[in-house]
Each structure stands twice: as structure tokens, then as C-alpha cells.
Amino acid sequence: MARKTSTFVCAECGAVYTKWSGRCDSCGAWNSIHEEKPLSASGPASKTLGAQRGSGMVLHDLATEELPPPRTSSGLAELDRVLGGGLVPGSAILVGGDPGIGKSTLLLQAGARFAAAGLKTIYVSGEEASAQVRMRAQRLGLGHADVALAAETNLRDILTTLDAERPDLVIIDSIQTMWADMVESAPGSVAQVRSAAHELTRFAKTKGAAVVLVGHVTKEGQIAGPRVVEHMVDTVLYFEGERGHQFRILRAVKNRFGPADEIGVFEMTGDGLSEVENPSALFLSDREDPAPGSVVFAGIEGTRPLLCEFQALVAPSPHSQPRRTTVGWDGGRLAMILAVLEARCGIPFTGLDVYLNVAGGMRIGEPAADLAVAAALLSAREDTALPPQSVVFGEISLSGALRPVAQTENRLKEAQKLGFSAAIAPARSKTGDHPGLTFRSYPDLAGVVGDLFGAG
């Protein structure tokens with residue numbers, strides 16, 4: 001009988017190799033290839049196989065299928081929004097975030113809310129003892145919550161207990177600490193994480209229990225372990241935020257039961273995480289009088305309009321290579337806008353340091369922020385503030401033209417609700433009827449530069 005040899009798998013793209021290499025040829029990632037030993041079908045792994053080879057499956061007609069299971073609301077509107085309306089039975093959810101950002105606190109609060117809603121909830125911690133979790137619950141005022149606690153890392157023992165208890169919600173904190181005795185590698189390795197995630201996801205689908213997995217992240221901000229784990233689960237959530245700010249943002253990167261890119265905003269307090277009902281007002285609450293380099297951007301996060309402030313600073317550089325620093329926005333996008341301003345509008349930034357910041361710890365990724373960034377840079381460079389109570393949005397093409405963006409009416413409605421009286425946006429935008437709001441539209445970036453700043 002031929003001996004099974006080990007294979008080497010890339011944790012980023014899943015490419016398989018016969019020997020180790022420092023760089024993956026498929027995706028170009030460095031140090032992402034890890035060894036995986038084959039499972040023996042005669043050992044403990046054979047007990048996990050659900051069906052014999054060659055067995056048939058029964059196919060059902062979708063027209064005769066019963067209605068989908070109802071969602072369970074947690075009572076936290078921000079969490080329910082990100083989940084797509086509530087918790088779906090039999091779903092697998094992966095939650096990632098930086099250390100100390102508040103993942104365990106959020107899930108402990110959510111578990112207590114779901115338990116109060118009638119779900120049988122079990123919180124399994126592989127990083128803390130039960131007494132430590134109970135101490136944290138008492139600090140959050142959840143000492144009397146009907147949540148069962150367990151401190152265990154052996155996956156076989158956990159699945160056996162869950163199969164006997166039949167819970168409605170299981171929280172695993174964290175997936176990197178789980179280990180399966182059928183896999184010959186250390187806990188936290190690629191093979192262990194993938195095997196544990198597969199077994200827990202399979203338990204969720206077969207038993208109808210919702211399973212929430214906590215995942216650690218790498219220094220690049222991605223969930224540690226094989227990327228295939230994100231494909232296994234139904235929903236992937238990222239818990240974001242800066243340690244220096246009290247705001248925390250729960251973002252849905254993938255959701256089979258609701259819209260992706262939806263966000264929920266929380267505020268870290270002494271009693272845990274509290275939801276923020278009006279994020280736009282909160283992000284703009286500390287905004288000072290209109291100053292050079294300050295621009296309010298009317299954005300869309302998921303299905304929610306959200307206003308935030310871009311802050312720019314342009315100063316002479318003492319170095320031969322000027323600095324380009326961004327916080328909360330893509331640095332490559334900043335370089336593109338600087339090139340368009342110089343090539344299409346004749347405004348150079350040579351010899352100038354450029355700093356760009358999104359106030360409040362927000363991270364903006366949509367192209368509709370291009371015009372707001374350009375306006376902030378020009379305002380800082382010319383030392384001229386924008387007209388007061390104005391919001392800016394629009395996408396900039398490489399030719400310098402301004403492109404309309406989606407959901408313009410929702411952006412304007414949110415701006416008007418918060419007291420803004422003017423909007424600067426691309427021409428041909430579907431604005432609708434907004435009495436009391438002045439709408440200034442421009443076909444290209446050169447028109448904005450000449451009209452607002454008299455430059456170019």
C-alpha cells in the first residue's frame with residue numbers, strides 16, 4: 001500500500017503544491033504555504049464521515065419547500081442590521097477583529113440578549129476560564145444572564161456536549177484555540193483551523209443551531225488561517241476601530257442572508273458596548289467651524305447613508321521625498337487624485353507633504369469620496385475653507401470628469417436632516433426634490449477647482 005505524502009497548501013488562495021516554497025505562484029503571497037498531512041480513513045477521522053461512498057441523495061423541489069426559518073432579533077438594532085435583520089437558525093458566522101477591540105465583549109452582550117429572547121445559548125471559551133468570563137459578565141451587568149459557559153479546546157468534547165445539549169446559539173471564542181485530535185498538527189495551524197471550522201459549520205447545518213466563530217486577524221487586518229474558512233461560513237463580520245477612539249464599527253464583508261458592506265456603529269463605554277442610533281450626528285459632533293482642509297462627505301455604507309469628515313493638511317516638505325500619509329482611506333487612491341489634479345487641473349503637489357485623515361476612526365472605501373478628498377486637498381493647499389454647511393460627494397475619473405454615484409437622493413436626505421444646506425456633486429446626478437437645499441453640480445474637476453478656489 002502506497003504511503004500518503006504530505007501536501008503544501010497556500011493559506012491565501014488554497015493552491016496545492018508538492019513541496020514547500022517561500023512564495024505562492026498563484027496569488028503571489030509570501031510565507032503563506034503550510035504543510036498539511038493527510039487524514040487516515042482508518043483512524044478517528046473515519047468517524048466524522050457523514051455518508052458512505054456511492055450513496056444517493058434526495059432532491060427536493062424548491063416550489064414545495066417549506067418557508068425559511070424565522071430570524072431571531074437580538075434587541076440590538078445595530079447588530080440586527082449587520083446580520084440582515086436578525087440571527088438565522090443553522091447559520092455559521094465568523095467575527096474577526098484586532099486584539100482588544102471588543103469582540104468578546106460584543107458577543108457576550110449579544111449572547112445575553114439572544115438568551116433573553118428565548119434562545120438556548122452556550123458560550124465556549126478557549127482563551128479564558130469560566131470564572132474569568134463570569135467576571136467580565138458581572139462587570140457588564142450580565143451576571144444573571146441565562147448563558148451556559150464552558151472552557152474547552154478539544155473539538156471532539158465540544159461537539160459531544162453540544163450534541164447532547166442541543167443549543168440554539170453557540171459562540172466559539174476563538175477558532176484558533178480549537179484543536180481536533182484527528183489532525184496531527186498544533187492548535188492554530190492551517191489544518192487545525194480548517195478542520196475545526198468545517199466540523200462546527202457542519203454541526204450548525206445538521207442540527208439547526210447558529211454558530212458564531214471568533215477569529216484572530218493578522219497584522220494586515222485579514223482573519224488569520226486559511227482563506228477557505230471565509231468561504232465555509234455564511235457571514236463574515238469585521239469589528240473595526242481605533243484604540244484612541246471610542247467608536248467601534250461592525251462591518252459585514254460577506255452575508256448570504258442580507259446585504260454585504262452593511263455596518264453597525266457602537267460606542268465603547270465603561271459598561272460595555274452601546275449602540276449608536278445616529279452615527280452621522282455622532283461623527284460630526286466634535287466638528288469645529290469650517291476650516292481649510294475640512295470637508296464633510298455624504299457616503300453610503302451598505303444601505304445606510306452616513307456623513308463623516310475628511311481632514312487634509314498640505315505643508316512644505318523638508319525632505320527630498322514628500323510624505324503621503326492617509327488614515328482611514330486608501331493610499332493608492334490618494335496618489336491617483338493627486339496625479340489627476342496635477343495633470344488635468346494644473347495644480348502641482350511637488351515638494352509638499354500631504355496628510356489625509358477620516359475623523360472618528362471611520363474607514364471609507366467607496367469611490368464616491370474622490371471629490372470630497374480632492375476638495376479637502378485643494379482647501380488645505382489654497383488655505384480656503386469650503387462654503388459653510390456643505391456636503392461633497394462624487395467619483396473622479398482619470399480624465400478629470402466627475403461621475404454620478406448611486407443613492408444620491410439618500411445622501412442628500414441625510415445631509416438635510418442634519419442641517420446642511422448645500423451640496424457639491426457631479427452633474428447628471430439624480431437629486432430629486434429637496435426644498436431648502438442648494439445643489440451645485442459640475443461636469444469635471446476643473447470646474448470645481450475654478451469655481452470654489454479660483455485655481456487651476
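Just after helix α2 (103–116) of this predicted model, G118 takes a positive phi of about 110°, where helices (H or I, at least four residues) and strands (E, at least two) are DSSP runs numbered from the N terminus. The 14 residues of α2 should span 20 Å at 1.5 Å a residue, and its end C-alpha atoms are 20 Å apart, which agrees; the expected span is taken as 1.5 Å times one less than the number of residues. Of these 14 residues, 12 are buried, a term that denotes under 20% relative accessible area, with exposed denoting over 50% and partly exposed the range in between (1.4 Å probe, protein chains only). The buried set includes K103, S104 and F114.

Because the model is predicted, local features need pLDDT of at least 70 and side-chain atom pairs count only at pLDDT 80 or more, whereas totals for chains, interfaces and linings use all residues. Residues are numbered from 1 along each chain as its sequence is written, and side-chain values use heavy atoms, with hydrogens and water left out.

An unreviewed UniProt entry lists G97, D98, P99, G100, I101, G102, K103 and S104 under "binding site"; such positions follow the numbering used here, with feature names shortened, and the annotations may be inferred rather than shown by experiment. Within this listing, P99 is found in the loop between β4 (92–97) and α2 and is exposed, with a relative accessible area of 59%. G100 lies in the loop between β4 and α2 and likewise counts as exposed, at 63% relative accessibility.

A search of the whole structure finds 17 salt bridges, each defined by a side-chain nitrogen of Lys or Arg within 4 Å of a carboxyl oxygen of Asp or Glu. One of them joins the side chains of E78 and R304 (2.9 Å, N to O); E78 lies in helix α1 (residues 77–83) and R304 in strand β14 (residues 304–316), so the pair ties together parts that are 226 residues apart in sequence. Both E78 and R304 are buried.

D234 takes part in two of the pairs described here, meeting K205 at 2.5 Å (N to O) and R256 at 2.8 Å (N to O). D234 lies in the loop between α6 and β9, and R256 in the loop between β10 (247–255) and β11 (263–269), so this pair connects parts that are 22 residues apart in sequence. D234 counts as buried at 3% relative accessibility, whereas K205 is partly exposed at 42% and R256 is partly exposed at 46%.
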